[in-house]
Amino acid sequence: MLLLIIVSYFLSSPSQTNNQLPAQGVQPSIVPVQTNQKTLPTGITGNVASYSNSWYSINYPVTFSYQESPLSGGGISLTLKPQNPDSSNTMIIIQTYDPAVSSQSAIENFFSALNYQRSQVTIANVPAVEYKGALPIGKVPLRDDAVIFTYQNWVYKLQLTYSGNTENSSAEQVFQGVVKSFKLVPG
């Protein structure tokens, strides 16, 4: 069980030691965050921020902050967290992996090993796989919802993670809004 937790950490956590962004000489171009009044596709209304880089763009509530980090071996991780942290430690993590370092099947195998519920979905007109489940850690389970797909050989993982005995419908709605706003940048 400890091994699964450690692997989960490395799959979900960006490297803090590797400053290479990303491999194969591709440098991400980050567009400044813009804030405006919008409605996320799931009906969340209010001020929405926009984020984009060389691979994708998203919208998310302005009540969340973001942090970018390089992934070891190439790629980038974007972490969205509520600006006023809640007791469930809600995070949305979007990771873009260099295909030389990780594959979609390797990431899927991790979630399959946890016996998470698997379903086929589409994101930005690309077939994807969604895994949803809870990992019993301590008194309160760690809940995950991850969408994984490959586009132009890069592997993408959009993941919601939080602690809770029951599903957090508010966090799930925000995640679905971010997923539905996800747009790929053709390369």
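I begin with helix 2, residues 104–113, whose buried residues are Gln104, Ile107, Glu108, Phe110 and Phe111. These residues lie on the same side of helix 2, because they span an arc of only 150° around the axis. The arc is taken from the directions that run from the helix axis to the C-beta atoms. An α-helix has 3.6 residues a turn, so residues three or four places apart point the same way. On the other side of helix 2, Asn109 and Ala113 are exposed. By buried I mean under 20% relative accessible area, by exposed over 50%, and by partly exposed the range in between, with a 1.4 Å probe and protein chains only. Just after helix 2, asparagine 115 adopts a positive phi of about 60°.

A word on the basis of these values. This is a predicted model, in which local features need pLDDT of at least 70 and side-chain atom pairs count only at pLDDT 80 or more, while totals for chains, interfaces and linings use all residues. Residues are numbered from 1 along each chain as its sequence is written, and side-chain values use heavy atoms, with hydrogens and water left out.

The protein chain has three helices and 11 strands. Helices (H or I, at least four residues) and strands (E, at least two) are DSSP runs, numbered from the N terminus. Of the 187 residues in the protein chain, 48% are buried.

I turn to the aromatic rings. How many aromatic pairs does a search of the whole structure find? It finds 11. The rings of tyrosine 56 and phenylalanine 182 are stacked, because their centres are 5.0 Å apart and their planes are at 20°. This pair links distant parts of the chain, with tyrosine 56 in strand 3 and phenylalanine 182 in the loop between helix 3 and strand 11, 126 residues apart. For these pairs, rings of Phe, Tyr and Trp (its six-membered ring) must have centres within 6.5 Å; planes under 30 degrees apart count as stacked, over 60 as edge-to-face and the rest as tilted. Tyrosine 56 is buried at 0% relative accessibility, and phenylalanine 182 is buried at 2%. Phenylalanine 182 also pairs edge-to-face with tyrosine 156, at 6.1 Å centre to centre and 85° between the planes. Tyrosine 156 belongs to strand 10, and it is buried at 1% relative accessibility. One aromatic cluster is formed by Tyr51, Tyr56, Tyr60, Tyr66, Phe149, Tyr156 and Phe182.

Finally, the charged pairs. The structure holds four salt bridges, each defined as a side-chain nitrogen of Lys or Arg within 4 Å of a carboxyl oxygen of Asp or Glu. Glutamate 108 forms one with arginine 118, the closest N and O atoms being 3.3 Å apart. Glutamate 108 sits in helix 2 and arginine 118 in strand 7. Which of the two is buried, and which partly exposed? Glutamate 108 is buried at 11%, whereas arginine 118 is partly exposed at 46%.

Lysine 132 meets aspartate 145 in a salt bridge of 4.0 Å, N to O. Lysine 132 also bridges to glutamate 172, with the closest N and O atoms 3.3 Å apart. Salt bridges that share partners join Lys132, Asp145, Glu167 and Glu172 into one network.
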